[in-house]
Amino acid sequence: MLTFDEYQQRVVAAVRPLAPRSVPVADLADTLTGAADGHPLLGLVTAEPLVSRVALPGFTNSAMDGYAVRAADVHGATPDAPVSLPVAGDIAAGDTRTLRLEPGSCRRIMTGAPLPDGADAVVQVELTDGGLERVEIREAVEAGRAIRRRGEDLRPGDQVLPAGTTLLPRHIPALLSAGAPQIAVIPRPRVAILSTGDELVDPGTEAGHGQVVDCNGPMLAALAAECGFDVVAVRRAGDTGEQVREALTELAATADLIVTSGGVSAGAFEPLKLAFEGDADFEFVKVAMQPGKPQGFGNIAGATVFALPGNPVSSLVSFLVFVAPAGRVLAGRDPAIRTVEAAVAEKWTSPPGRQQFARVVFDEDGRVVRPIGGQGSHVLGGLAGSQALAVVPAATTDVAVGETLRIIPLEGLA
Ligand code: AMP
Ligand code: MG
């Protein structure tokens with residue numbers, strides 16, 4: 001039997017980031033059309049630094065609505081002794097003319113509009129009478145007031161984002177403005193899901209005697225999508241080694257990662273084991289954890305395969321602690337999934353020698369947890385009602401009130 005940490009480290013160490021691919025930065029503008037199938041770039045990791053090709057701002061411009069002046073021309077202006085200047089015209093945002101400000105005059109200017117040559121300050125409109133032909137300026141300003149200089153934000157050659165940045169909405173303005181047409185990113189891992197079991201029937205159909213609805217397929221697909229992976233197939237195979245091998249070979253053609261459920265434990269008809277036990281590219285192990293003791297891991301035609309146990313709770317836990325970290329590595333990310341800490345509000349027991357992932361709910365303040373439902377790996381009601389998994393170390397058998405545990409939230413996985 002492997003410890004939980006041993007097995008987790010083994011599967012994470014077995015995978016490498018996918019090959020980067022160059023994508024048009026303009027894809028970032030695709031927010032609305034891309035939303036349904038996952039944003040084309042958000043959540044992806046950059047594979048190279050983004051270096052600005054341009055100066056930002058690209059031209060010196062006004063930071064305020066007001067009047068572009070030479071500071072020397074409004075020297076000494078006060079509310080009691082305003083300076084009056086002729087207004088030579090307006091400059092709106094989007095004005096592409098190259099203008100020059102004659103000494104002793106000013107121009108009305110809007111936020112973001114280019115500063116005319118010769119001007120060195122902007123007097124905000126609130127410090128004036130707002131005049132159109134002539135304007136009364138009621139406060140002196142120093143040179144540089146209310147202007148944004150060309151290149152003060154970024155200069156050509158400045159690094160905007162380091163390699164390894166997970167692209168988030170806050171990166172979009174810099175990415176779109178830095179003048180680079182393409183960026184190299186690590187693609188989303190393509191994930192295929194395969195449920196096994198002769199007892200399974202399609203979701204939405206009635207399960208007869210001896211049958212159960214295939215809930216792992218859709219659940220694992222949903223987990224993969226929530227992790228930001230690209231789900232390319234969700235399929236089912238019966239309980240023979242041939243069916244499973246055939247399905248995996250087909251899925252490997254379009255997937256980087258294949259997640260199967262069922263068929264890895266100690267029964268007489270375990271199709272994953274029938275297909276791959278003894279295969280040099282596969283291993284079937286027992287892991288000192290609960291739920292999720294039987295695990296399989298291997299490779300088929302270049303795709304990484306996680307063979308998870310079939311009980312839905314076992315599948316879910318196994319996905320979160322093995323598949324999600326490995327998938328994150330494929331995506332160029334840190335393998336660690338998000339965890340928090342919380343204190344125990346109600347005692348429970350944990351099996352000796354196995355790291356338990358207990359279904360728990362948070363109390364209102366979010367700082368303490370209590371167990372919910374039975375901890376059997378087939379208990380779906382308890383799973384639906386739970387908000388998190390509490391990680392109980394293998395050596396602990398009695399989880400005591402007040403003890404602090406690591407908690408894996410079941411919401412907001414990405
Ligand atoms: P197995 O790991 O194949 O021995 O399955 C263990 C238990 O999980 C059995 O009760 C199966 O019926 C159940 N199970 C396996 N796969 C699924 C699935 N895709 N959906 C729902 N239950 C499943
Ligand atoms: Mg089965």
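Predicted model: local features only at pLDDT ≥ 70, side-chain atom pairs only at ≥ 80, totals over all residues.

Trainee: Why is Ala 174 called partly exposed?

Mentor: Ala 174 has a relative accessible area of 24%. Buried means under 20% relative accessible area and exposed over 50%, with partly exposed in between (1.4 Å probe, protein chains only). Ala 174 is therefore partly exposed. Its place is in helix H3, residues 172–177; helices (H or I, at least four residues) and strands (E, at least two) are DSSP runs, numbered from the N terminus.

Trainee: What makes Ala 146 count as buried?

Mentor: Ala 146 has 17% relative accessibility, so it counts as buried. The residue is found in the loop between strand S9 (134–137) and strand S10 (147–148). Ala 146 also has a positive phi of about 60 degrees, although it is not a glycine.

Trainee: Which peptide bond at Pro 57 is cis, and what is its omega?

Mentor: The bond joining Leu 56 and Pro 57 is cis, with omega about -10 degrees. Pro 57 lies in the loop between strand S3 (50–51) and strand S4 (61–62). A cis peptide bond also runs from Gln 290 to Pro 291, where omega is near 0 degrees. Pro 291 lies in the loop between strand S19 (289–290) and strand S20 (294–300). By way of background, most peptide bonds are trans.

Trainee: Why is Glu 277 called exposed?

Mentor: Glu 277 has 51% relative accessibility, and therefore counts as exposed. It is found in the loop between helix H6 (271–276) and strand S18 (282–286). The C-alpha atoms of Glu 277 and Gly 296 are separated by 9.4 Å, and the two residues are 19 residues apart along the chain.

Trainee: What makes Val 361 buried?

Mentor: At 17% relative accessibility, Val 361 counts as buried. Val 361 is found in strand S24, residues 355–362. Its C-alpha atom and that of Gly 104 are separated by 72 Å, the residues being 257 residues apart along the chain.

Trainee: How do you know that Asn 216 is buried, and which side chain is in polar contact with it?

Mentor: The relative accessible area of Asn 216 is 6%, so the residue is buried. Its place is in helix H4, residues 216–226. A polar contact of 3.2 Å joins its side chain to that of Ser 261. Such a contact is a pair of N or O atoms within 3.5 Å; within protein, one must be able to donate a hydrogen and the other to accept it, and residues adjacent in sequence count only if both atoms are side-chain atoms.

Trainee: Which polar atoms lie by ligand 1?

Mentor: A polar side-chain atom of Asp 214 lies 2.8 Å from a nitrogen atom of ligand 1. A polar backbone atom of Cys 215 is 3.1 Å from a nitrogen atom of the ligand, and a polar side-chain atom of Ser 265 lies 3.4 Å from an oxygen atom of ligand 1. Taken alone, ligand 1 exposes 490 Å², of which the protein buries 76%; these areas come from the Shrake-Rupley method with a 1.4 Å probe, and for residues only the protein chains shown count as cover.

Trainee: How many residues surround ligand 1?

Mentor: There are 16 residues around ligand 1 (a heavy atom within 4 Å). Among the closest are Glu 199 and Gly 263.

How values were computed:
Residues numbered from 1 in each chain as written. Chains lettered and ligands numbered in written order. Heavy atoms only, no water.
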